[in-house]
Amino acid sequence: MISFECDYTQGCHEQIMKRLVETNLEQVCGYGQDHFCQEAKEKIKKACGREDAEVFFLVGGTQTNQIVIDSLLKSYEGAVAAQTGHINVHESGAIEFTGHKVLTLPEYDGKIKAEELEELLKKFWGDGTFEHMVFPGLVYISYPTEYGTIYSKEELSSIYSVCKEYEIPLYIDGARLGYGLMSRQCDLTFEELASLCDVFYIGGTKVGALCGEAVVFTHGNMPKHFLTIAKQHGGLLAKGRLLGIQFDTLFTDNLYFEISKHAIDMAEEIKAGFLERGYKLLKDSPTNQQFIILTNEELAKVQEKVRCEVWEKVDEDHTAVRFASSWGTTREQIDYLWEVMDGLK
């Protein structure tokens, strides 16, 4: 059985595994103080054009979101996010566990609108009883969103302008950042994205690494004693080399973006193939997550041979299903998918 269930069903890119084996017996410092981590950080800063940036490696997306958000917020502040935002829906209350409420805005294909963010902030500060309420302390968005959509340069610029006006940081969850930046609809560069937020992370877990995310504070604005904060949250890896080696490899010779582009090419083939066969899309995603509407009967038969993720019910007879490509998706796997789908007719 093949899997299009998500983008982290495989281990890691072969070049990463090769380097992990090659460096396995080298003795280095712990907790990210090794030369691998330092070299990876310099490559990341150069790639995003932020020499003043500060980079910190963490193990997974949920840990990253919880640690970054908790480190940036005061005890009485919350994080503003889309109703469908990952921190609001699929992180088991990790943000609330730290004592911070998630303040939601309506979503439009997974995205928030700058004008509605501004209205929320204006309404909060205009309320005479605001000191009795949860303060909006930062804005959280995902790039790409949970629906595979991406913010345009204009949309991101508008949201960041509102954040700067109200002096709250903009944090971008980049679990699938490479897939967003290599989307054929993306109209901003890595450097531009880094300049339009206060902190973001580069997802490794879903983009070629065994595990790991690289948090980038873009303006020399990393909270004081961030390493200690990460350790308090259980997110500090003693063998930090594991993360440094992986990101050093990903940011050597443009590997991160090349494998991300491959995932997009595979996703476009998946989308085109379903459309050619007369299927409809739940959302027109330009990234590696494709949301296809199947009849319940079709879904049951497909799941006998292909792993895919049930996303949401469309009606009594139809279900939206996610097919996710990744850095490791092969054309042979897609050909097998079409054999299965064509066998349903």
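This note goes through a predicted model, point by point.

1. On the basis of the note: because the model is predicted, local features need pLDDT of at least 70 and side-chain atom pairs count only at pLDDT 80 or more, while totals for chains, interfaces and linings use all residues. Residues are numbered from 1 along each chain as its sequence is written, and side-chain values use heavy atoms, with hydrogens and water left out.

2. The open sheet: seven strands with mixed pairing follow the order β2-β8-β7-β6-β5-β3-β4. Strands β2 (54–58) and β4 (102–105) stand at the edges with a single partner strand each, so one side of each has no neighbour in the sheet. From one strand to the next the twist averages 25 degrees. Here strands (E, at least two residues) and helices (H or I, at least four) are DSSP runs numbered from the N terminus, and two strands pair if DSSP finds at least two bridges between them. Strands of a sheet pair through backbone hydrogen bonds, either parallel or antiparallel.

3. Strand β7 and its neighbours: β7 (residues 199–203) runs parallel to β6 (residues 170–173), to which two bridges join it, and antiparallel to β8, to which five bridges join it. Phe200 of β7 is the bridge partner of Ile172, and Phe200 also has Val216 in β8 as a bridge partner. Five of the five residues of β7 are buried, where buried means under 20% relative accessible area, exposed means over 50%, and partly exposed lies in between (1.4 Å probe, protein chains only). Both faces are covered, with Val199, Tyr201 and Gly203 on one side and Phe200 and Ile202 on the other.

4. Helices on the sheet: helix α2 (residues 35–47) lies across β2, β7 and β8 (213–217) and runs at about 125 degrees to β2. Helix α6 (residues 114–126) packs on the sheet as well, where it touches β3 (77–82), β4 and β5 (135–142), and its direction makes about 170 degrees with that of β5. Contact means heavy atoms within 4.5 Å, and the axes are lines fitted to C-alpha atoms, for helices over the stretch in contact, with angles from 0 to 180 degrees between N-to-C directions.

5. A loop residue: Thr84 is found in the loop between β3 and α4 (86–89), and Thr84 is buried, with a relative accessible area of 17%. Not counting residues up to four places away in sequence, Thr84 touches Val89, Glu107, Gly110, Glu146 and Tyr147. Thr84 and Leu105 are 21 residues apart in sequence, yet 9.0 Å apart in space from C-alpha to C-alpha.

6. Together with Met17 and Leu210, Val21 forms a nonpolar patch on the surface, with about 270 Å² of accessible area.

Conventions
Patches are made of residues with over 30% relative accessible area and no salt bridge: like charges are joined within 9 Å, nonpolar side chains (Val, Leu, Ile, Met, Phe, Trp, Tyr) within 5 Å. Accessible areas come from the Shrake-Rupley method with a 1.4 Å probe; for residues, only the protein chains shown count as cover. A salt bridge is a side-chain nitrogen of Lys or Arg within 4 Å of a carboxyl oxygen of Asp or Glu.
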